[in-house]
Amino acid sequence: MKTTIQGDTNRKFESGSGIPLKEMYTKEDLKDFDYDRDLGEAGEYPYTRGLYKGMYRNKIWTRRFLSGFGSAKDSMERLKYLASIGSEGVEVVNDYPTQVGIDADHPMAVDEAGLVGIPVSSLDDVETILEGFPLDKTTITFESSGASGPVLPCMYFAMAQKHGVPFSALNGGAALNLYCQYYSGFVTPQPLDLWSKLAVDVVEFCSKNKLRFATFHTSAHNVSEEGTPAVMEIALGFASTIAFADKLVERGLNFDEFANRVPFTFTIWMDFFEEIAKFRASRRIWARIARERYGSKNPRAQKLYIAARVSGLTAIAQQPLNNVARIAYQLMSAALGGCNAIDPVMYDEPLCLPTEESTWLAMCTQNILAYETGIPNVVDPLAGSYYVEWLTNEVEKRSWELLQKILDKGGLEEGVKDGWIRAMIDEVAIKRQKDIESGAIKLIGINDMVLPPEKEFKVPIHQVSKASTAEQVQRVRDIKKKRNNNAVKELLKKLIAEDKLDNINLVPTMIEACKEYATLGEIWGSLRVGRGLHYDPFEMIESPFKD
Amino acid sequence: MKQIKVVVSKIGLDGHDVGAKVVSAMLRDAGMEVVYLGRFQSPATIFKAAVEEDADVIGISCQSSNHTRLVPKLIDMLKKEGMDNVVIVVGGTIPDPFPAELKALGVDAIIGPGTMSGPIVETITSLVEQKRQAAGIKE
């Protein structure tokens with residue numbers, strides 16, 4: 001059996017982003033290096049070495065997981081399990097119907113509710129999911145920036161009011177920046193302008209009420225999971241952040257206030273050193289954007305809080321246990337890059353939703369890195385390496401160039417209409433496949449160390465039961481019967497009227513509607529009606545409250 | 001041999017369609033005609049497109065387990081209309097035991113992650129040839 005390729009001639013010496021690499025780096029490559037200008041100490045501008053003095057000596061990166069599936073109750077049980085093994089805070093990622101902005105009982109959703117992600121149709125689901133998590137003591141991050149993005153925080157605020165928890169006590173946040181999302185697999189058929197108006201409303205509401213709840217949050221992860229390596233990820237991520245910030249400034253909001261916390265979710269790709277360079281360069285790039293483009297005076301607004309998530313794309317279905325090794329290297333690059341929160345994926349990622357066992361293994365992988373390797377003992381340990389500093393500069397330079405090109409062509413919003421950005425992303429994915437086929441990219445289990453199917457590793461497969469989906473659909477049908485439908489009808493009417501005016505922040509009325517258990521689909525449907533659109537993006541159902 | 005016409009689609013609400021687009025590009029490179037339906041397709045819209053396009057092959061890309069729920073519905077529709085000549089291929093994240101289950105339902109081929117373009121093109125070409133021969137269609 002031929003296993004590994006020996007003495008191959010077509011190895012390419014370039015980074016994941018295609019940056020050509022020399023065999024060795026020397027002082028000649030860092031001739032213009034200026035310690036104070038380029039690095040500074042951790043906790044000081046431009047934050048290359050990390051956001052805080054002492055970094056992991058004072059606090060290990062936040063360890064947590066994206067999770068959720070099945071009914072709201074199934075999701076709650078998994079979140080409890082995660083908390084029991086040391087996952088910090090709750091990360092809510094929604095199922096596809098929720099991300100699209102329709103209820104579990106919609107004809108397009110009845111087969112897919114809870115299949116992947118947490119289903120949320122109404123406050124009832126949020127109450128179930130967060131049962132036993134005290135709102136004032138739990139960091140809750142709503143990771144979905146689909147159509148549910150702006151509505152879920154309203155449900156959460158409604159829950160806080162019902163429980164007598166002041167908004168000021170709420171932690172966590174919501175990844176509300178929608179622009180990247182448009183280029184991801186979580187795109188929604190809801191109209192971009194309405195989506196953007198709602199997201200801006202939520203940020204405005206939080207900013208004016210001085211909430212800690214962080215809403216100026218970009219997830220570049222979702223677009224890079226389309227296959228875009230480091231340089232493209234940085235450029236698209238910041239182009240998206242700029243598109244969002246510009247909308248907020250246009251609304252009259254103060255940059256230093258709404259950007260008081262700047263969470264940013266990156267993917268962790270496989271190119272070990274390019275990833276380290278990416279995290280270091282990104283902090284420097286953002287600090288400069290904040291100061292130079294937005295005139296920031298608030299150091300907090302200049303600090304890019306990086307939540308790094310291991311790529312699901314780099315995990316390989318063949319011989320899935322090999323992913324344990326991949327994930328460990330990826331987590332290590334994020335720690336060496338000074339990321340603030342790090343999420344693994346599980347080894348079974350390319351096969352199914354994680355099992356409890358694969359989740360446990362991933363938590364242990366994190367803790368081996370945190371407590372056994374000694375890596376967290378010293379801040380930014382690779383600083384000063386000729387290669388790492390050169391690569392950080394190079395990644396930064398190329399990212400600025402692409403970012404400038406995107407901005408010159410009208411930014412991300414214009415790119416949605418024009419299609420050129422989508423074409424650029426697709427081209428990268430097609431090229432990657434060709435490189436895998438030619439052997440230019442080697443993937444263990446795919447074109448190297450290949451096992452015949454009968455020798456393939458067998459691992460447990462987690463599948464969501466049809467009963468869980470049916471339970472979720474029934475929950476929504478039940479709540480629609482049980483609630484005060486007159487109150488819901490009146491609040492949705494009010495929402496439509498406010499939406500038509502186009503100059504009213506819709507969050508207070510959305511919170512009131514959520515308190516009465518108006519659903520995600522009804523809220524989106526009403527807002528669509530306010531814009532003269534069909535109630536349903538799929539034109540399959542009508543408003544239940546049509547006069 | 002007459003050019004093979006393939007309708008490629010996502011099924012359901014999952015918008016992760018890079019895989020579908022990469023495979024569409026492979027099939028075009030191999031000389032096939034590809035109609036890519038895009039995201040948010042239901043079994044009914046895929047069925048309708050396959051009829052309208054007179055497709056030889058329907059290629060469904062699944063990433064989020066919806067092969068277990070929506071692909072069987074599409075197969076039911078095709079069976080009811082007696083469209084036995086259409087080759088059905090499902091690609092993507094389809095772990096055990098689902099390849100065997102889908103094949104039992106009438107899916108002609110399952111293409112897992114990491115499959116190279118050569119085997120994909122060969123599989124589709126040979127399945128289309130078999131169906132054409134069975135239907136007595138001359139090459």
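**View 1. A salt bridge between A:Lys434 and B:Asp29 in the predicted model.** In this predicted model, A:Lys434 forms a salt bridge with B:Asp29, and the closest N and O atoms of the pair lie 3.6 Å apart. Between chain A and chain B the count is four salt bridges, and the rule also finds 14 residue pairs in polar contact across this interface, with both residues at pLDDT 80 or more.

**View 2. Helices of chain A on the side that touches chain B.** Helix 3 (96–100), helix 16 (420–438) and helix 17 (466–482) of chain A each supply at least two residues of the side that touches chain B. Among them, helix 16 gives the most, contributing eight residues to that side of chain A. Sorted by class, the side of chain A that touches chain B holds 21 nonpolar, nine polar and nine charged residues.

**View 3. The interface of chain A and chain B as a whole.** Contact is made by 39 residues of chain A with 32 residues of chain B. The size of an interface is often given as the accessible area lost when the parts come together; between chain A and chain B the buried area is about 2900 Å², and carbon and sulfur atoms give 61% of that area.

**View 4. Helix 6 of chain A and the residue A:Lys210.** Helix 6 of chain A comprises 17 residues (residues 192–208), which at 1.5 Å a residue should span 24 Å, and this agrees with its end C-alpha atoms, which are 24 Å apart. The helix is mostly covered, since 15 of its 17 residues are buried. Helix 6 of chain A is followed by A:Lys210, whose phi is positive, near 55 degrees.

Methods:
Residues numbered from 1 in each chain as written. Chains lettered and ligands numbered in written order. Predicted model: local features only at pLDDT ≥ 70, side-chain atom pairs only at ≥ 80, totals over all residues. Heavy atoms only, no water. Contact = heavy atoms within 4.5 Å. Buried area = accessible area lost by both parts, 1.4 Å probe. Salt bridge = Lys/Arg side-chain N within 4 Å of Asp/Glu carboxyl O. Polar contact = N/O pair within 3.5 Å; in protein donor to acceptor, adjacent residues only side chain to side chain. Helix = DSSP H or I, 4+ residues; strand = E, 2+ residues; numbered from the N terminus. Nonpolar A, V, L, I, M, F, W, Y, C, P; charged D, E, K, R; others polar. Expected span 1.5 Å × (residues − 1). Buried < 20%, exposed > 50% of the residue type's maximum accessible area, 1.4 Å probe, protein only.
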